[in-house]
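The following questions and answers work through one model, with the criteria stated as they come up.

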Amino acid sequence: MAGEDSPRIVVGVDGSEPSKEALRWAARQAELVGGSLDAVVAWEYPPSYYGWVPEIDVAKFHEQSDATFAGTLKEVLGSEPTVEVRRHVREGDPATVLLDVANGAELLVVGNRGHGAFIGALLGSVSFRCVHHATCPVVVVHAGGDRDA
């Protein structure tokens with residue numbers, strides 16, 4: 001496993017196919033460079049409409065996000081990943097959370113669009129913001145491409 005001084009790669013995970021491809025790509029890259037992986041999921045309160053705010057159990061919402069996140073990591077990386085993986089489950093705007101975690105990282109990897117994107121978008125709002133505001137290089141991975149390329 002990677003040491004404390006090894007390259008740190010951050011990857012955004014939201015359960016969408018592009019984010020799963022980004023996770024696969026980031027794990028392979030971390031393995032190639034002897035680095036570690038910081039896998040990040042961000043969650044936000046559902047939007048309120050007309051002043052009505054639904055009652056939310058924050059602990060339960062966080063717990064559900066973490067369980068879904070753990071399932072995605074296991075699905076993509078298996079039960080014993082070949083690289084060190086640190087999980088980050090944070091409340092907040094996904095792009096802001098990713099940029100914060102990626103501060104000081106060697107690389108930030110995101111899918112080209114996640115669950116919030118509209119059909120046909122080439123670059124989602126989160127990946128767009130990351131590309132334009134990250135302090136490290138950013139790789140945007142498209143789902144459905146040739147994994148061996």
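A salt bridge here is a side-chain nitrogen of Lys or Arg within 4 Å of a carboxyl oxygen of Asp or Glu. This is a predicted model, in which local features need pLDDT of at least 70 and side-chain atom pairs count only at pLDDT 80 or more, whereas totals for chains, interfaces and linings use all residues. Residues are numbered from 1 along each chain as its sequence is written, and side-chain values use heavy atoms, with hydrogens and water left out.

Q: How far apart are the closest N and O atoms of E17 and K20?
A: Both residues belong to helix α1 (residues 17-33), where they are three residues apart, about one turn of the helix; helices (H or I, at least four residues) and strands (E, at least two) are DSSP runs, numbered from the N terminus. E17 and K20 form a salt bridge, and the separation of their closest N and O atoms is 3.4 Å.

Q: Is K20 buried or exposed?
A: Buried means under 20% relative accessible area, exposed over 50%, and partly exposed in between, with a 1.4 Å probe and protein chains only. E17, at a relative accessible area of 46%, is partly exposed. K20 has a relative accessibility of 9%, so this residue counts as buried.

Q: Which residues are linked with R8 in a network of salt bridges?
A: The structure holds nine salt bridges, and one of them joins the side chains of R8 and D38 at 2.8 Å, N to O. Because R8 lies in strand β1 (residues 8-12) and D38 in strand β2 (residues 36-43), this pair ties together parts that are 30 residues apart in sequence. D38 is buried, its relative accessible area being 3%. The network links R8 with D38, E84 and R86.

Q: How many residues apart in the chain are D66 and R87?
A: D66 and R87 form a salt bridge whose closest N and O atoms are 2.2 Å apart. D66 is partly exposed at a relative accessible area of 25%, and R87 is partly exposed at 40%. With D66 in helix α2 (residues 58-77) and R87 in strand β3 (residues 85-91), the pair links distant parts of the chain, and the separation is 21 residues.

Q: At what angle do helix α3 and helix α4 pack?
A: The contact (heavy atoms within 4.5 Å) is made by P94, A95, T96, L98 and L99 of α3 and V126, R129, C130 and H133 of α4. Axes are lines fitted to C-alpha atoms, for helices over the stretch in contact, and angles run from 0 to 180 degrees between N-to-C directions. Helix α3 (residues 94-101) and helix α4 (residues 125-133) have their axes 9 Å apart and pack at an angle of about 35°.

Q: Which elements do the buried residues of α3 pack against?
A: In α3, the buried residues are A95, V97, L98, L99 and V101. Their packing partners are β1, β2, β3, β4 and α4.
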